[in-house]
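Open the model in your viewer and keep the selection tool at hand. The stops below go from one selection to the next.

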Amino acid sequence: MQNQIKPIEAYYIEDEPYYLPSHNEVDIFTEAYRNHLPVLLKGPTGCGKTRFMEYMAWRLKRPLLTVACHDDLTSGDLVGRYLIQGSETVWMDGPLALAVKTGGFCYLDEIVEARKDTTVVIHPLSDNRRILPMEKKGEVMTAAAEFMLILSFNPGYQSIMKDLKPSTRQRFVSLEFDYPAEPGEIAIVVQEAGVDQETAKHLVRLGHMTRNLKEKGLDEGGSTRLLINAGKLIQSGISTHDACQAAITHTLSDDREMQQSMNEMISSLF
């Protein structure tokens, strides 16, 4: 609950985050915001969904309250709860209530990881009612005009038991994300990691090679985020092989044979 203590001003993003659009996602999101439509971001881990949200919050000048969803997340964590402070009992807004009240963006990352009884609280906010029932206070809060609800999840990673219900999906405008095309991903790695063009090109090719191993021994291939991590280590003076091994090989798999295969890819590229 620590993040609820901060004033809303702390959630504004002052400096422009680097984001390279891949399609028309910026325009669609902007019009969804103007039409009070909630948005669902779908795509593999580390492909840029969170960076996109940071960029849009900066671009539209709205505070961004991000919640990393997990099995223990309760509705009280989102909406708020009464806390004892000294000899008094005071109400503390959760991130969802704070965003509703102040017209912020509430970004629920990996929503399918949250408990089903928790996600029910978002339904009245994701249709034309735009209200948040606060049962513990006996109140109903109407969302400020600028409020926007955004969910994200990785459809390729979830089991059928952890998928979004159609009744939830059909409340949202959906944007599909994937890893950028090679030229764009190279530009992102150069920008974010500070490596030269040639190193970034080899890192991106390595990422593509590991993605081809998905469902052939790897649950997920190397994300753009992992390529950036490897690039940062290289830029800091770590040898290319050690950087790629630490940031990519050992991160993606514990299987010795799979690690050996990826190390051979690294040797072939660098």
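**Stop 1: aromatic rings**

Select Phe29 first: its relative accessibility is 0%, so Phe29 counts as buried, where buried means under 20% relative accessible area, exposed means over 50%, and partly exposed lies in between, with a 1.4 Å probe and protein chains only. Before going on, note that this is a predicted model, in which local features need pLDDT of at least 70 and side-chain atom pairs count only at pLDDT 80 or more, while totals for chains, interfaces and linings use all residues. Residues are numbered from 1 along each chain as its sequence is written, and side-chain values use heavy atoms, with hydrogens and water left out.

Helices (H or I, at least four residues) and strands (E, at least two) are DSSP runs, numbered from the N terminus. Tyr19 and Phe52 are both buried.

Now show Phe29 and Phe52 together: they form an edge-to-face pair, 5.5 Å centre to centre, with 90° between the planes. Here helix α1 supplies Phe29 and helix α2 supplies Phe52, and the pair links distant parts of the chain, 23 residues apart.

To see the whole group, select Tyr19, Phe29, Tyr33, Phe52, Tyr55, Trp58, Phe105 and Phe177, which form one aromatic cluster.

**Stop 2: a charge over a ring**

Select Tyr179 and Arg211. The charged end of Arg211 sits over the ring of Tyr179, 3.9 Å from the ring's centre. The term applies if NZ of Lys or CZ of Arg is within 6 Å of the ring centre and within 35 degrees of the ring normal.

**Stop 3: salt bridges**

How many salt bridges does the structure hold? There are 12 salt bridges, each a side-chain nitrogen of Lys or Arg within 4 Å of a carboxyl oxygen of Asp or Glu.

Select Glu31 and Arg34, a salt bridge whose closest N and O atoms are 2.9 Å apart. The two are separated by about one helical turn because they are 3 residues apart in helix α1. Glu31 is partly exposed at 39% relative accessibility, and Arg34 is exposed, with a relative accessible area of 56%.

Next, select Lys42 and Glu176, whose closest N and O atoms are 3.3 Å apart in their salt bridge. The pair links distant parts of the chain, 134 residues apart: Lys42 is in strand β1 (residues 39–42) and Glu176 is in strand β9 (residues 173–176). Is each end buried or exposed? Lys42 is buried, with a relative accessible area of 14%, whereas Glu176 counts as exposed at 64% relative accessibility.

Finally, select Arg51 and Glu192, a salt bridge with its closest N and O atoms 3.2 Å apart. Arg51 is in helix α2 and Glu192 in helix α7 (residues 182–193), so the pair links distant parts of the chain, 141 residues apart.

Key
Rings of Phe, Tyr and Trp (its six-membered ring) pair if their centres lie within 6.5 Å; planes under 30 degrees apart count as stacked, over 60 as edge-to-face and the rest as tilted.
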